[in-house]
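I opened a new entry for this chain. My plan was to start with the overall fold and then look up single residues.

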Amino acid sequence: MKYCTKCKLDKPLSQFGKCKSKKDGHQQYCNACKLKYQQKNPNRKASVTKYREANKDICIFRSILSQQKNRAHYNMKAAEWQKANPEKVKATRARYDKKRQIQHRGLDAFSRFVFEEAKELVKLRNELTGVKWNIDHVIPISKGGTSEYTNIQVVPEVYNRHKATKLVQRYFLTTK
Ligand SMILES: [Zn+2]
């Protein structure tokens with residue numbers, strides 16, 4: 001049973017939607033209360049979307065901050081998982097290497113040179129800043145981007161993770 005703080009009733013857990021961030025894995029309000037709320041506020045979702053659209057920078061910044069705050073925790077979790085799943089780590093790495101080989105096939109010598117340089121820059125910045133850096137494709141590979149030197153940038157890992165394949169954006173504005 002779980003107490004719904006809205007209707008002030010004890011109801012079976014099955015009447016609460018799932019929510020990973022809550023301690024018991026369920027939402028605060030029961031399904032009936034949630035439905036009532038949604039019917040009363042039909043435009044809620046649209047207004048949230050509108051706010052996010054209008055305040056993109058703030059939202060990105062907030063999300064980066066929260067990721068940074070939780071970084072130590074996630075790093076630890078990831079390390080634990082990697083230790084427990086060495087074959088999977090190996091397989092993922094092999095897949096990644098193959099993908100990169102394909103990406104680099106047909107790449108001109110200068111772009112290959114820039115990529116190697118970027119790898120060194122990642123190492124250097126990791127050491128200098130204590131924050132993890134990644135090589136990023138301005139236009140993601142999945143959106144048809146290549147590893148040519150014009151499409152490569154070195155960015156903080158939090159930014160890269162956040163960006164995933166959603167945003168096409170230069171981290172540093174460059175002059176011509
Ligand atoms: Zn309720």
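**Fold order.** My tally for the chain is 7 helices and 6 strands.

**Confidence.** I noted at once that this is a predicted model. The mean pLDDT of the chain is 84. I found that 90% of the residues reach 70 or more. Among the elements, β2 has the highest mean pLDDT, at 94. The lowest, 70, belongs to helix α7, residues 157–163.

**Overall shape.** I checked the extent of the C-alpha trace along its principal axes and noted about 70 × 40 × 30 Å. The radius of gyration is 22 Å. A compact globule of 176 residues would come out near 16 Å. I then looked up burial: 5% of the 176 residues count as buried. For contacts with a separation of 6 or more, I noted that 40% join residues 24 or more positions apart.

**Helix α3.** I picked out residues 56–69, which form helix α3. How far does α3 reach from its first C-alpha to its last? I got 20 Å for its 14 residues, close to the 20 Å expected at 1.5 Å a residue. I also counted buried residues in α3 and found 0 among the 14. This helix is hardly covered.

**Lys8.** I turned to the loop between β1 (2–4) and β2 (9–11), where Lys8 is found. Its phi is near 60°, a positive value in a residue other than glycine. Most residues other than glycine have a negative phi. Is Lys8 buried or exposed? I logged Lys8 as exposed, because it has 8 C-beta neighbours inside 10 Å.

**Leu13.** The next loop I visited lies between β2 and β3 (16–18), and Leu13 sits in it. Leu13 has 12 C-beta neighbours inside 10 Å, so I logged it as exposed. The cut-off for exposed is 12 or fewer. Which residues does Leu13 contact, leaving aside neighbours within four places in sequence? I found Lys2 and His26. I also took the C-alpha to C-alpha distance from Leu13 to Gly25, which is 9.6 Å across 12 residues of sequence.

**Lys119.** I moved on to helix α6, residues 109–129, which holds Lys119. This lysine counts as exposed because it has 12 C-beta neighbours inside 10 Å. I checked Lys119 against Tyr29, 90 residues apart in sequence. Their C-alpha atoms are 49 Å apart in space.

**Ile152.** My last stop was strand β6, residues 152–156, where Ile152 lies. I then listed its contacts, setting aside neighbours within four places in sequence. They are Val114, Phe115, Ala118, Ile135, His137 and Ser147. I followed up Val114, which is 38 residues from Ile152 in sequence. The C-alpha to C-alpha distance for that pair is 8.2 Å.

**Recap.** I have Lys8 as exposed, Leu13 as exposed and Lys119 as exposed.

Notes:
Residues numbered from 1 in each chain as written. Predicted model: local features only at pLDDT ≥ 70, side-chain atom pairs only at ≥ 80, totals over all residues. Helix = DSSP H or I, 4+ residues; strand = E, 2+ residues; numbered from the N terminus. Expected span 1.5 Å × (residues − 1). Buried ≥ 20, exposed ≤ 12 C-beta atoms within 10 Å, placed from the backbone. Rg over C-alpha atoms; globule rule 2.2 N^0.38 Å. Contact = placed C-beta atoms within 7 Å. pLDDT = per-residue confidence, 0-100.
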